[in-house]
Amino acid sequence: MIHPTAIIDEGAKLGRNVRVGAYSIIGANVEIGDDCDIGPHVVLRGPTTLGRGNRIFQFASVGEDCQDKKYAGEPTRLVVGDNNIFREFVTVHRGTIQDQGVTSIGSDNLLMAYVHVAHDCVVGNNVILANNTTLAGHVHVGDWAILGGFTGVHQFCHIGAHAFTAVNSVVVQDIPPYIMAQGHNAVPRTINSEGLKRRGFTNEQITNIKRAFKILYRKGLTINEAVAQLQELDADEVRSMIDFVQNSSRGIIR
């Protein structure tokens, strides 16, 4: 299970059935859950906690110090859930004390090759970050979001649940739930209707989201005017959009 060339610090903790490939380095304060597969030439630094069933491919760097110049070696953390896939050359950095001190990745996510997740990011569950997607510091990505290849997300931006970005999108403001965005800078195009169907949303729910999209983006309303009309729809799926818009600190894409 553990290749003889792997270097594992005595302060690391490995669960049951953990596999570690050739020339990988696992540092102190790294905890790896059961049934994880750490490929060859992987570097894991701590404090980092991995849940169970994660797979990390060759040449990934997970739990490294962040690239924020203010970082001065504070013991910040990376926390990862279960059943995630980190493909080749993925880089994930720990948090900073300027935020909560934690970078967090949920469960059942796919991070494709060359993805970068910076300090203090929060990635939900069932997220796909396609090749070369880059999240700057403090970015939040909601459940089931899909970010297309080479998407770049500005620091502090929030991406709502079930949102979708096209290839080469540059995100500099928040993307509400369910929205498909594209462009440099990214603008709203439509809703992620196909993704919603695949995830079991009913026709009625999708219709409500389409109505909400038109109110928010096609009527020329101010944000306050749009929110007032959205509240009249009285649907749970629309309420999540309302909450997102009202709590946006960077403003939503327009």
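The model described here is a predicted one, and the secondary structure of its chain comes to 4 helices and 27 strands. The chain has 254 residues and a radius of gyration of 19 Å, which agrees with the value near 18 Å that a compact globule would have.

**Gly-149 and its surroundings**

- Gly-149 sits in the loop that runs between strand 21 (146-147) and strand 22 (152-153).
- When residues up to four places away in sequence are not counted, Gly-149 touches Ala-130, Asn-131, Thr-133, Val-167 and Asn-168.
- Val-80 lies 69 residues from Gly-149 along the chain, and the C-alpha atoms of the two are separated by 22 Å.

**The chain as a whole**

- The C-alpha trace spans about 65 × 40 × 30 Å along its principal axes, and buried residues make up 50% of the 254 residues.
- Of the contacts between residues at least 6 apart in sequence, 31% join residues that are at least 24 apart.
- The accessible surface of the chain comes to about 11700 Å², and carbon and sulfur atoms account for 49% of this area.
- The chain carries 23 positive and 25 negative charges, and the mean positions of these two sets are 7 Å apart.

**Met-112, a partly exposed loop residue**

- Met-112 is placed in the loop between strand 15 (110-111) and strand 16 (116-117), and its relative accessible area of 25% makes it partly exposed.
- Leaving aside neighbours within four places in sequence, Met-112 is in contact with Arg-87, Val-90, Ile-128, Leu-129, Ala-130 and Asn-131; Ala-130 and Asn-131 are also among the residues that Gly-149 touches.
- Between Met-112 and Glu-204 there are 34 Å in space, C-alpha to C-alpha, and the two are 92 residues apart in sequence.

**Salt bridges**

- Side chains of opposite charge can pair when their charged atoms come close, and the structure holds 13 salt bridges.
- Asp-34 forms one of these with Arg-16, where the closest N and O atoms are 3.0 Å apart. This pair links distant parts of the chain, 18 residues apart, with Asp-34 in the loop between strand 5 (30-32) and strand 6 (37-38) and Arg-16 in the loop between strand 2 (13-14) and strand 3 (19-20).
- The two partners fall into separate accessibility classes, for Asp-34 counts as buried at 17% relative accessibility, whereas Arg-16 counts as exposed at 59%.
- The side chains of Arg-19 and Asp-37 also meet in a salt bridge, at 3.7 Å from N to O. Because Arg-19 lies in strand 3 and Asp-37 in strand 6, the pair ties together parts that are 18 residues apart in sequence.
- Both residues of that pair count as partly exposed, Arg-19 at 31% relative accessibility and Asp-37 at 22%.
- A further salt bridge joins the side chains of Arg-94 and Asp-65, at 2.8 Å from N to O. Here too distant parts of the chain are linked, 29 residues apart, since Arg-94 is in the loop between strand 13 (91-93) and strand 14 (102-105) and Asp-65 is in the loop between strand 10 (61-64) and strand 11 (77-80).
- Arg-94 is buried, with a relative accessible area of 3%, while Asp-65 is partly exposed, with 27%.
- Salt bridges with shared partners join Arg-16, Asp-34, Asp-35 and Arg-52 into one network.

**Backbone features**

- The peptide bond from Gly-46 to Pro-47 is cis, with omega near 5 degrees, and Pro-47 is placed in the loop between strand 7 (43-44) and strand 8 (48-50).
- The peptide bond from His-184 to Asn-185 is likewise cis, with omega near 5 degrees, and Asn-185 is placed in the loop between strand 26 (179-183) and strand 27 (186-191).
- Asp-108 is not a glycine, yet it has a positive phi of about 60 degrees; Asp-108 is found in the loop between strand 14 and strand 15 and counts as partly exposed at 41% relative accessibility.
- Trp-144, another residue other than glycine with a positive phi, has a value near 70 degrees; Trp-144 is placed in the loop between strand 20 (140-141) and strand 21 and is partly exposed, with a relative accessible area of 35%.

How values were computed:
Residues numbered from 1 in each chain as written. Predicted model: local features only at pLDDT ≥ 70, side-chain atom pairs only at ≥ 80, totals over all residues. Heavy atoms only, no water. Helix = DSSP H or I, 4+ residues; strand = E, 2+ residues; numbered from the N terminus. Rg over C-alpha atoms; globule rule 2.2 N^0.38 Å. Buried < 20%, exposed > 50% of the residue type's maximum accessible area, 1.4 Å probe, protein only. Contact = heavy atoms within 4.5 Å. Areas by Shrake-Rupley, 256 points an atom, 1.4 Å probe, with all protein chains shown as cover. Lys, Arg positive; Asp, Glu negative; His and termini not counted. Charge placed at Lys NZ, Arg CZ, Asp CG, Glu CD. Salt bridge = Lys/Arg side-chain N within 4 Å of Asp/Glu carboxyl O.
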